[in-house]
Amino acid sequence: MKETEITVQILDDVNDLINMLKNKNFSLEEEFDMIDYYFSKDDTETLKKLEYIDIINHSFLVRQIIGDDNSINLMFKSKELDEKGNVIAEEKVKTPVENLEKTIKIF
């Protein structure tokens, strides 16, 4: 199965958004919480000066999924953007880990 991840910022209430999408004939297929812990070699001041794509392409994350299928993965993403800032290509490496706290403590 091909996986496509779309990230958006929602300024409305989540339930209002779900109802709006249902009114446009979308259906809710799966619901879960996703918590990302990003790690970078750069300090906070340097990160504030970097573009989003540079931060993502030089960082890794620990992703926790809370839902029907709980999981914890160590991940690295490499994204390519077009001139408008849209993601046009992404490579993702994902490795399962067993313990969230121990994994975060390592980094």
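Start by selecting strand β2, residues 59-66. Because 6 of its 8 residues are buried, β2 is largely enclosed by the rest of the structure. Here buried means under 20% relative accessible area, exposed means over 50%, and partly exposed lies in between, using a 1.4 Å probe and protein chains only. Strands (E, at least two residues) and helices (H or I, at least four) are DSSP runs, numbered from the N terminus.

A word on the model before going on. This is a predicted model, in which local features need pLDDT of at least 70 and side-chain atom pairs count only at pLDDT 80 or more, while totals for chains, interfaces and linings use all residues. Residues are numbered from 1 along each chain as its sequence is written, and side-chain values use heavy atoms, with hydrogens and water left out.

To find a point of contact, pick Tyr38: its bridge partner in β2 is Leu61.

Now bring in strand β3, residues 71-81. β2 and β3 are antiparallel too, paired over 6 bridges, and a hairpin of 4 residues joins them. Gln64 stands opposite Ile72 in β3, and Ile65 stands opposite Ser71 in β3. As you look along the strands, remember that in a regular strand the side chains alternate between the two faces of the sheet.

Show the side chains of Glu90 and Lys79 while you are here. They meet in a salt bridge, at 3.4 Å from N to O. Glu90 lies in β4 and Lys79 in β3, so the pair ties together parts that are 11 residues apart in sequence. Which of the categories does each partner fall into? Lys79 counts as buried at 10% relative accessibility, whereas Glu90 is partly exposed at 36%.

That contact belongs to a set: the structure holds 4 salt bridges, each defined as a side-chain nitrogen of Lys or Arg within 4 Å of a carboxyl oxygen of Asp or Glu. For another, move to helix α2, residues 44-49. Lys48 forms a salt bridge with Glu45, and their closest N and O atoms are 3.4 Å apart. Being 3 residues apart in the helix, Lys48 and Glu45 are separated by about one helical turn. Lys48 is exposed, with a relative accessible area of 61%, while Glu45 counts as partly exposed at 47%.

Then select Lys41 and Asp42. These two also form a salt bridge, the closest N and O atoms being 3.4 Å apart. Lys41 counts as exposed, at 69% relative accessibility.

For the last stop, go to the loop between α1 (14-23) and β1, where you will find Asn25. Asn25 has a positive phi of about 70° although it is not a glycine. Is Asn25 buried or exposed? At 74% relative accessibility, Asn25 counts as exposed.

Notes
Two strands pair if DSSP finds at least two bridges between them.
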